Each structure stands twice: as C-alpha cells, then as structure tokens.
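Thanks for coming. I have one protein to take you through today, so please look at the sequence and the model on the screen.

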Amino acid sequence: MTEPIILAVARMKTMPWAIYRVRRLYYAPANAARSVDSVLLGGHRTVHTALTEVSRLVDIAVTKNEEIAGAPARDGDRDTHRRLWLRRRGDGIYPTQEEFYTVAPAQAQDKELDSFADAWADHTDEALLRLERRVDTAITVVQRALIDGRGRSNAA
C-alpha cells in the first residue's frame with residue numbers, strides 16, 4: 001500500500017462511523033425514491049461490532065457487496081461495506097423495494113422525500129413490517145448495551 005492510502009485508512013478508523021438504514025423503492029430501472037437514516041453513531045470498531053450483534057439478534061447474516069450477485073464495481077473496486085439485508089429488490093419487477101443496514105463513515109446526512117414514508121408503507125407487506133420491527137428492537141437493545149457499557153466504564 002502507498003503512504004497516502006495507509007494514512008487514509010488510519011484516518012477513517014479514527015473518525016466517527018454510523019450504522020445507516022437504507023431503503024429504496026424502485027418504480028423502474030434507475031428510478032427510485034430513497035431514504036437514508038443513521039441509527040447508531042460510534043467509533044469504527046463499535047459500529048461494526050454493533051451491526052454484527054444486530055445481525056446475531058435477528059438471525060440474518062451480514063454480507064459484503066462482493067457476495068451479492070450483480071454488485072456494482074467502480075474502476076475495478078467493489079463497495080466492501082457490509083450489509084444486513086432485510087429485502088433485496090426483485091429483478092425486472094416494479095415497483096420493488098430494497099432495505100438494508102450498513103456501516104460507513106458518519107458523513108451522510110439523513111434524507112428522505114416528504115412522500116417517501118407513505119409510498120414505502122403502501123408497498124410494504126406484513127413480512128417486511130415484522131422484520132423491520134425485529135431489527136428496530138435489536139438496534140434498541142444494542143444501543144442500550146452501548147450506553148450501559150459507557151456508564152459502567154465512566155463510573156470505574
């Protein structure tokens with residue numbers, strides 16, 4: 001590795017990171033309404049561990065993008081951010097949804113069109129709704145454990 005890459009990797013590990021919930025509602029190829037929400041902030045290792053714990057609590061394996069058929073490659077590089085998939089979009093079926101949680105540097109702003117929540121609700125079936133609730137509960141459990149852990153370490 002070159003020195004600039006080594007420095008960039010070191011900096012990324014010291015900057016704030018987040019778990020993001022990403023939802024996309026595709027109406028046609030490359031035509032999607034999107035929502036991005038940060039659900040947990042922390043250090044690099046903390047949020048990776050937290051995503052792994054959420055995965056364990058809901059019994060859904062975390063995948064890397066290279067493990068996803070058809071994953072995009074840019075200039076030979078693949079997005080290696082891990083994902084906890086709740087729903088993968090259907091090929092050639094519209095409208096279709098995808099929803100996942102991922103870990104990345106805490107740089108993205110939460111964003112969502114005003115009409116997104118209603119459109120998402122209109123296309124969400126009961127199975128996805130139950131899974132979303134399970135993941136919400138798991139995230140709350142992990143957040144509480146992190147807060148409790150910080151409280152204990154501060155008291156010591």
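First, the ground rules. This is a predicted model, in which local features need pLDDT of at least 70 and side-chain atom pairs count only at pLDDT 80 or more, while totals for chains, interfaces and linings use all residues. Residues are numbered from 1 along each chain as its sequence is written, and side-chain values use heavy atoms, with hydrogens and water left out.

The protein has four helices and seven strands. By helix I mean a DSSP run of H or I of at least four residues, and by strand a run of E of at least two, both numbered from the N terminus. Along the sequence the pattern reads α-β-β-α-β-β-β-β-β-α-α.

Of the 156 residues, 35% are buried. Buried is under 20% relative accessible area, exposed is over 50%, and partly exposed is in between, with a 1.4 Å probe and protein chains only. The protein exposes about 9,800 Å², of which carbon and sulfur atoms supply 52%. Those accessible areas are from the Shrake-Rupley method with a 1.4 Å probe, and for residues only the protein chains shown count as cover. A contact is heavy atoms within 4.5 Å. Among contacts between residues at least 6 apart in sequence, 61% join residues at least 24 apart.

Now the sheet. Five strands form an open sheet in the order β5-β6-β1-β2-β7, and the pairing is antiparallel. Strands β5, residues 83-87, and β7, residues 111-112, are at the edges with a single partner strand each, so one side of each has no neighbour in the sheet. Two strands count as paired if DSSP finds at least two bridges between them.

Next, β6 pairs with β1 in the antiparallel sense over ten bridges, and V22 stands opposite F100 in β6. Then β1 and β2 pair, again antiparallel, over eleven bridges. R21 has D37 of β2 as its bridge partner.

How many residues of β1 are buried? Nine of its twelve are, so β1 is largely enclosed by the rest of the structure.

On to the helices that lie across this sheet. Helix α2, residues 44-58, lies across β1 (17-28), β2 (31-42), β5 and β6, at about 60° to β1. Helix α3, residues 116-123, lies across β1, β2, β6 and β7, at about 70° to β1. For those angles, axes are lines fitted to C-alpha atoms, for helices over the stretch in contact, and the angle runs from 0 to 180 degrees between N-to-C directions.

I will stay with α2. From first C-alpha to last, its 15 residues reach 22 Å, close to the 21 Å expected at 1.5 Å a residue. The expected span is 1.5 Å times one less than the number of residues.

Which residues of α2 are buried? They are V47, H48, A50, L51, V54, S55 and V58. These cover an arc of only 160° around the axis, which puts them on the same side of α2. The arc is taken from the directions between the helix axis and the C-beta atoms. On the other side of α2, R45 and R56 are exposed, R56 with 55% relative accessibility.

Last, the backbone details. Directly after α2 comes D59, with a positive phi near 60°, although D59 is not a glycine. D59 is in the loop between α2 and β3 (73-74), and it counts as exposed at 70% relative accessibility.

A30 is another non-glycine residue with a positive phi, about 60°. It belongs to the hairpin of β1 and β2, which has two residues between the strands. A30 is exposed, with a relative accessible area of 77%.

Where is the cis peptide bond? It runs from Y94 to P95, with omega near -5°.
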